[in-house]
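Thanks for coming. I will go through one model this morning, starting with aromatic rings and ending with backbone angles.

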Amino acid sequence: QVQLVESGGGLVQAGDSLRLSCAASGRTVSRYYMGWFRQAPGKERESVATISTSGLNIAYADFVKGRFTISRDNAQNTVYLQMNRLKPEDTAVYYCAARALGTGSYNIWGQGTQVTVSS
């Protein structure tokens, strides 16, 4: 089974950019759909962006369209989330997750990385 480790979070000001990375180990990430999710204090976890195994099919939540970009480098076993024009409402713990082909839900999760955007 694949293990996921996120990095790249931090404290930034509104309008700044961050790039999150999700490094996979244990198995090649190329066999998994990958996604970024986030959870803010007192709120439910929500999907931010997902990407297919080939990288050709990508979906974004409406609240990040045009600002965030998900990508993957299967050779490096890594998935990225480029976040531009950050807003205070983007403050949350960001999680990387994997979904194996043929399964219906994301069931492999990283430990999360904190993103805090000050106004």
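Tyr95 is buried, with a relative accessibility of 18%; buried here means under 20% relative accessible area, exposed over 50%, and partly exposed in between, with a 1.4 Å probe and protein chains only. Before going on, the conditions: this is a predicted model, so local features need pLDDT of at least 70 and side-chain atom pairs count only at pLDDT 80 or more, while totals for chains, interfaces and linings use all residues. Residues are numbered from 1 along each chain as its sequence is written, and side-chain values use heavy atoms, with hydrogens and water left out.

How many aromatic pairs does a search of the whole structure find? It finds three. Rings of Phe, Tyr and Trp (its six-membered ring) pair if their centres lie within 6.5 Å; planes under 30 degrees apart count as stacked, over 60 as edge-to-face, and the rest as tilted. One of the pairs is Phe37 with Tyr106, which is edge-to-face at 5.2 Å centre to centre and 65° between the planes. Phe37 lies in strand β4 and Tyr106 in the loop between β9 and β10 (108-109), so this pair ties together parts that are 69 residues apart in sequence. Strands, as I use the word, are DSSP E runs of at least two residues, and helices are H or I runs of at least four, numbered from the N terminus. Phe37 is buried at a relative accessible area of 10%, and Tyr106 is buried at 18%.

Tyr95 and Trp109 have ring centres 6.5 Å apart and planes at 80°, so that pair is edge-to-face. Tyr95 lies in strand β9 and Trp109 in strand β10, so the pair ties together parts that are 14 residues apart in sequence. Trp109 counts as partly exposed, at 28% relative accessibility. Phe37, Tyr95, Tyr106 and Trp109 form one aromatic cluster.

Two arginines also sit on rings. The charged end of Arg19 is over the ring of Tyr80, 3.9 Å from its centre, and Arg99 lies over the face of Tyr33 at 4.3 Å from the ring centre. The criterion is NZ of Lys or CZ of Arg within 6 Å of the ring centre and within 35 degrees of the ring normal.

Next, the sheet. In what order do the four strands of the open sheet come? The order is β1-β3-β8-β7, with antiparallel pairing; two strands pair if DSSP finds at least two bridges between them. β1 and β7 (68-73) stand at the edges, each with a single partner strand, so one side of each is left without a neighbour in the sheet. Neighbouring strands here are turned by 15° against each other on average, direction ignored. The axes behind that angle are lines fitted to C-alpha atoms, for helices over the stretch in contact, and angles run from 0 to 180 degrees between N-to-C directions.

In β1 (residues 3-7), Leu4 and Glu6 make up the covered face, and Gln3, Val5 and Ser7 the uncovered one.

Leu4 brings us to the core. The largest nonpolar core has 30 residues, of which Leu4, Met34, Trp36, Leu81, Met83 and Tyr94 touch the most other members. Such a core is a set of buried Ala, Val, Leu, Ile, Met, Phe, Trp, Tyr and Cys residues joined through side-chain atoms within 4.5 Å. The elements giving two or more residues to this core are β3, β4 (32-39), β5 (46-51), β7, β8, β9 (92-100) and β11 (113-118). Leaving aside neighbours within four places in sequence, Leu4 is in contact (heavy atoms within 4.5 Å) with residues including Cys22, Met34, Cys96 and Trp109.

Thr50, in strand β5, is buried at 18% relative accessibility. Beyond four places in sequence, the contacts of Thr50 include Met34, Ile70 and Tyr106.

Last, the backbone. Most residues other than glycine have a negative phi. Asn77 has a positive phi of about 55°; Asn77 is in the loop between β7 and β8 and is buried at 15% relative accessibility. Arg85 also has a positive phi, about 50°. Arg85 lies in the loop between β8 and β9 and is partly exposed, at 49%.
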